[in-house]
Amino acid sequence: MLYFIVTTSLFKECHIRKSQYINGINKLKQVIYNLNIENYKIIIIENNNNKNTFLDTLNCIIFYTNNNFLKTKNKGYKELQDILDCINKFNINDTDFIVKMTGRYILEDNCEFMSIIKNINNTKYDCVIKYGSYNNPVNYKMNDCITGLIGMTCAYIKKIEKPDENECVEWKWGKVTYLIKDEKIYKVNKLGINICPGSNVYFKV
């Protein structure tokens with residue numbers, strides 16, 4: 001089974017954020033439809049335990065957690081806990097493939113990442129990734145990657161270490177890929193998604 005886990009956080013009333021989430025999630029659904037991807041589930045995670053939100057109207061599975069209230073300022077730690085809790089909640093198998101996507105981000109129509117995901121069950125890749133940071137992407141294996149859109153077999157996600165208070169969770173995602181054989185990793189040239197980390201200004205990676 002292929003799972004798309006979309007992370008959201010409605011920590012305050014924000015019309016811009018609401019619009020971003022609706023646009024990002026609907027675009028994901030459109031790209032999945034256009035690529036004729038089968039045997040998948042979309043799970044939206046919201047980590048403020050906000051029951052009965054607009055997310056319920058998007059025709060996806062919704063999973064509400066309380067992880068935004070964990071005693072840490074590390075957002076990556078909270079997001080990773082959301083994903084691990086989701087794996088447990090829905091009994092996702094170790095052999096299932098998970099695409100993790102930040103809900104505010106918007107896929108391109110011709111998305112290299114999604115073109116690989118379309119056939120992930122046939123290619124048998126254990127990871128589809130863009131290494132480096134969003135402002136300095138690279139085409140080689142390293143302890144950093146862009147986690148706004150990343151794919152990995154569930155068993156490896158479960159091995160990702162929790163970041164310390166001042167550590168970037170991206171380093172932990174990158175580090176776990178050293179457990180994966182190189183031929184099992186697909187390094188995309190371009191992710192094909194518009195991101196807006198820490199702001200509302202989008203740019204393509």
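**View 1. A salt bridge joins the side chains of Glu167 and Lys172 at 3.4 Å, N to O.** A salt bridge here is a side-chain nitrogen of Lys or Arg within 4 Å of a carboxyl oxygen of Asp or Glu. Glu167 is partly exposed, at a relative accessible area of 23%, whereas Lys172 is buried, at 11%; buried denotes under 20% relative accessible area, exposed over 50%, and partly exposed the range in between (1.4 Å probe, protein chains only). The model is predicted: local features need pLDDT of at least 70 and side-chain atom pairs count only at pLDDT 80 or more, while totals for chains, interfaces and linings use all residues. Residues are numbered from 1 along each chain as its sequence is written, and side-chain values use heavy atoms, with hydrogens and water left out.

**View 2. Lys172 also meets the side chain of Glu161 in a salt bridge of 3.3 Å, N to O.** This pair links distant parts of the chain, 11 residues apart: Glu161 belongs to the loop between helix H5 (154-157) and helix H6 (169-176), and Lys172 to helix H6. Helices (H or I, at least four residues) and strands (E, at least two) are DSSP runs, numbered from the N terminus. Glu161 is partly exposed, with a relative accessible area of 37%.

**View 3. Lys27 and Asp109 form a salt bridge through their side chains at 2.5 Å, N to O.** Lys27 lies in helix H1 (residues 15-34) and Asp109 in the loop between E5 and helix H3 (112-117), so the pair ties together parts that are 82 residues apart in sequence. Lys27 counts as buried, at 15% relative accessibility. A search of the whole structure finds 8 salt bridges.

**View 4. Thr147 occupies the loop between strand E8 (136-138) and strand E9 (149-153).** Thr147 counts as buried, with 6% relative accessibility. Apart from its neighbours within four places in sequence, Thr147 is in contact (heavy atoms within 4.5 Å) with Lys100, Thr102, Glu170 and Trp173.

**View 5. An open sheet is formed by 3 strands in the order E5-E11-E12, with antiparallel pairing.** Strand E5 (106-107) and strand E12 (203-204) are the edge strands, each pairing on one side only. Two strands pair if DSSP finds at least two bridges between them. Strand E11 (residues 193-195) is joined to E12 by 2 bridges, and these strands run antiparallel. Asn194 has Lys204 as its bridge partner in E12.
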